[in-house]
Amino acid sequence: MNENYRIDNLDRSLLTALQADARVPYAELAKRHGVSPGTVHVRVEKMKQAGIITGTQATVDPKALGYQVCCFIGINLKAAGDYPKVLAKLQALPEVVEAYYTTGHYSIFTKIQTRSIDALHHLLVNQIQAIPQIQSTETLLSLQQPIQRQVAP
C-alpha cells in the first residue's frame, strides 16, 4: 500500500464515476475525461495499490432478499479486554452486517439485518445477549433509510 499517493482531479472524477457504476468500461471513462484508456487503467491500478480503491461489489436490496428488519444494537461490554472475544462471536453471526468499536455510550455499535421481528428477537436473546462478556444491549429499529451514499472523493 502506497500511503504517499495523492489523488488529483482526474482521480476524483474517476472515483466518482466508479462509485456510480463500477462496471463502466475504462474506454468509456477515458472518453468522458479526455484521456486514453491506458491512463484510466494506470490511475485505477495506482489507487488500488494505494488502498484507496479496496474492491468492487454488487449492491443488493436486503428487502428484496427477504430481510424486512434493519436495526442497530448498541453493546456494552463487561470489560474493555472482552472486545476481541465479543467481536469474534459477532463476526460469526451472518445477521451482523456492520460493527464499530466506538467511544461514548456503547463499546460496540452494530447494524443487524433479519427477516422478521421474531428472527431479531431470537438473535438478540439467544445469541447476542447470551455472549457472557456482554453486559447490556440497546436495540434501535430502523424505520427507513432516507440517505445512503459513499464518501465523496
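Going along the sequence, the protein chain runs α-α-α-β-α-β-β-α-β. That gives five helices and four strands, where helices (H or I, at least four residues) and strands (E, at least two) are DSSP runs, numbered from the N terminus. Keep in mind that this is a predicted model, where local features need pLDDT of at least 70, side-chain atom pairs count only at pLDDT 80 or more, and totals for chains, interfaces and linings use all residues. Residues are numbered from 1 along each chain as its sequence is written, and side-chain values use heavy atoms, with hydrogens and water left out.

**Overall shape**

What radius of gyration does the protein chain have? It comes out at 20 Å, while a compact globule of 153 residues would be near 15 Å. The radius is taken over C-alpha atoms, and the globule rule is 2.2 Å times the number of residues to the power 0.38. Along its principal axes, the C-alpha trace spans about 55 × 35 × 25 Å.

Of the 153 residues, 29% are buried; buried means under 20% relative accessible area, exposed over 50%, and partly exposed in between (1.4 Å probe, protein chains only). If you look at contacts (heavy atoms within 4.5 Å) with a separation of 6 or more, 66% of them join residues 24 or more positions apart.

**Salt bridges**

The structure holds five salt bridges. To count, a side-chain nitrogen of Lys or Arg must be within 4 Å of a carboxyl oxygen of Asp or Glu. Here are some of them:

| Pair | Closest N and O atoms |
|---|---|
| Asp8 and Arg43 | 2.8 Å |
| Arg43 and Asp11 | 3.0 Å |
| Arg23 and Asp21 | 3.8 Å |

Which residues are linked in a network of salt bridges? Asp8, Asp11 and Arg43 are.

Take the bridge between Asp8 and Arg43. Asp8 lies in the segment before α1 (9-20) and Arg43 in helix α3 (residues 37-49), so this pair ties together parts that are 35 residues apart in sequence.

Is Asp11 buried or exposed? Asp11 is buried, with a relative accessible area of 1%, whereas Asp8 is partly exposed at 31%. In the bridge between Arg23 and Asp21, Arg23 is exposed, with a relative accessible area of 75%, and Asp21 is partly exposed at 34%.
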